[in-house]
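Here is a friendly briefing on helices, nonpolar cores and salt bridges. Please have a look at the structure first, and then read on.

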Amino acid sequence: MSTIKPKTMPPSTSHVLLSYPADYVLLVTINREKQMNSIPFAGHQEMGQVFDWFDKEDNLRCAIITGAGKKSFCAGQDLIELGRIRSGKSDVNPGLMRHPLSGFAGLSRRAGKKPVIAAVNGFALGGGFEIVLGCDMVVAAPNATFGLPEALRGIFAGAGGPARLVRIVGLPVASEMALTGIPITAQRAKELNIINRISPSQDTVIGEALKLAKGIAAISPDAAIVTRAALKDSLEHGSVERATQLTIERYNDALQSGENALEGLTAFAQKRKPDWKPSKL
């Protein structure tokens, strides 16, 4: 467990659990196992607040998102709640029936600053798959599955997943997944470059994600933010050159003149471990 705690208080949560399994690492666990970790409207707002706080907290550099239990990572939107609302059986403020600007669970359309890793412990369906597509890296348990079943329910995956899926796997494969609703296995997801790796067992999926998170937490926080921005911009923009320009225009001067850049070069010359400072970017 982490010996370095956040400097600021996290938002109050009732749909997710927050823990700190290693220095500078936040673990967010969707805690609705009986509901297959589906997320109600209030949960989206809560998670959006959590990841906004994560980006601002100096003592956090990387986050992991997972689901409680061994069956489901996230089954998407809470369709029981949605059905009750649409049938008039549940009175919910219409202003709350939306996702934050960062999308489903505060992740599917997130720009953000710091990396988030998905540790997929079971099925990731609908919005749950859109969370995965919005993360920076993905580790999946051997039993994990991924799919967009919305069309089978007469609705549409509108949290950014289809567009990102096309960018990652191409139009034919994305069309097959979105228009048939047939899920794919973890092995197939790895073949398609949707995920980084498959853990040896379900019990080790968070541990494998933690290995990646520790590696990220060990580098300069400034370098992590700027490198991630360059990678994300290349996915979001049609021109790879324009994506590079945008990152340089936004970050290069501040990165190169910052104390972490100087510390990294000095530590290299002195053959010692760098003493990174919280990012000011």
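Lys211 is exposed, at 53% relative accessible area (exposed means over 50%, buried under 20% and partly exposed in between, with a 1.4 Å probe and protein chains only). The model is a predicted one, where local features need pLDDT of at least 70, side-chain atom pairs count only at pLDDT 80 or more, and totals for chains, interfaces and linings use all residues. Residues are numbered from 1 along each chain as its sequence is written, and side-chain values use heavy atoms, leaving out hydrogens and water.

**Salt bridges**

- The whole structure holds 13 salt bridges (a side-chain nitrogen of Lys or Arg within 4 Å of a carboxyl oxygen of Asp or Glu).
- Lys211 pairs with Glu208, with 2.9 Å between the closest N and O atoms; Glu208 is buried, at 12% relative accessible area.
- Lys211 and Glu208 sit three residues apart, about one turn, in helix 7 (residues 205–217) (helices are DSSP runs of H or I with at least four residues, strands are runs of E with at least two, and both are numbered from the N terminus).
- Helix 6 (residues 186–191) holds both Arg188 and Glu191, again three residues apart, and their side chains form a salt bridge at 3.4 Å, N to O.
- Arg188 counts as partly exposed because its relative accessibility is 34%, and Glu191 counts as partly exposed at 49%.
- Asp55 and Arg110 form a salt bridge, their closest N and O atoms being 2.9 Å apart.
- This pair links distant parts of the chain, 55 residues apart: Asp55 is in helix 1, and Arg110 is in the loop between helix 2 (79–86) and strand 5 (116–120).
- Asp55 and Arg110 are both buried.

**Nonpolar cores**

- The largest nonpolar core has 45 residues, of which Ile65, Val120, Ile131, Phe146 and Ile194 touch the most other members (a core is a set of buried Ala, Val, Leu, Ile, Met, Phe, Trp, Tyr and Cys residues joined through side-chain atoms within 4.5 Å).
- Helix 1 (residues 41–56) gives the most to this core, with five residues.
- A second, separate core of 17 residues includes Ala22, Leu27, Ile64 and Ile216.
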